[in-house]
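The structure comes first, then the notes.

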Amino acid sequence: MTRILLVRHGHVEGISPERFRGRRDIDLSDLGGRQAHATAQRLAGQWRPVAIYTSPLRRCLQTAGAIGTACGLEATVLDDLNDLHYGEWEWHTHQEVRARWPELFECWFAAPQLVRFPQGESLQDLLARMANVLRFVRERHADQTVVLVGHSSGNRALLLHTLDQPLSAYWRLAQDACSVSVIELHARTATVRRLNEIYYS
């Protein structure tokens, strides 16, 4: 059995009021740094991961770095863990996007599987990348525990894929800052053991 500790990066600017952060390369906030440290201590104390893989964006690199320090590991970048590419929506607030693309904005929250962001990706593109990550972990880390540090979008897609659920259920899964979900990969099945757990106060 292979175990994945799926971690979302810690708090950053643009979470409140919410912006479409996407590929904008921003640092963890002070709060995010504290969240990452607390989460790292819990992961190091409860599990013994053999590898850490992370999105190439700084907020994930910094979260993965905290986990690596606690676990005595170096994090490796996996480009497929990168955030959803929001194209022309990137770094705009929800209010700004609603004003310029009202119909597409409403569709994103009502039927996200039907949306392709202007000059950006779709959830189908994201899901293909997350499926690549799962295949990579299966092939590289049989019977081991690994950490994946990513974004709310990719983590949701990966969890939906694991649960064999449609992309229309995208908004039904919560992914809070620095949350941890646990996935177990067996020979022919996969099980989500924990979902969106928080290890900081």
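## Cysteines

A residue is called buried under 20% relative accessible area, exposed over 50%, and partly exposed in between. The model described here is predicted.

A disulfide requires two cysteine sulfur atoms within 2.5 Å. By that rule the count is 0 disulfides. For C60, the nearest cysteine sulfur belongs to C178 and lies 9.6 Å away, and C60 is in no disulfide. C60 has a relative accessible area of 0% and is therefore buried.

C71 is likewise in no disulfide; its nearest cysteine sulfur, again that of C178, is 13 Å away. At a relative accessible area of 22%, C71 falls between the 20% and 50% limits, so C71 counts as partly exposed.

## Largest nonpolar core

The largest nonpolar core contains 35 residues. Within this core, the residues with the most contacts are I4, W89, W108, V137, L148 and L158.

At least two residues of this core come from each of strand 1 (2-8), strand 2 (51-54), strand 4 (145-150) and strand 5 (180-185), and likewise from helix 4 (102-110), helix 5 (123-140) and helix 6 (152-162). Helix 5 provides the largest share, 7 residues.

Leaving aside residues up to four places away in sequence, L148 touches I4, L5, L6, V7, Y53, L81, V133, V137 and L158.

Definitions and conventions:
Residues numbered from 1 in each chain as written. Predicted model: local features only at pLDDT ≥ 70, side-chain atom pairs only at ≥ 80, totals over all residues. Heavy atoms only, no water. Buried < 20%, exposed > 50% of the residue type's maximum accessible area, 1.4 Å probe, protein only. Core = buried A, V, L, I, M, F, W, Y, C linked by side-chain atoms within 4.5 Å. Helix = DSSP H or I, 4+ residues; strand = E, 2+ residues; numbered from the N terminus. Contact = heavy atoms within 4.5 Å.
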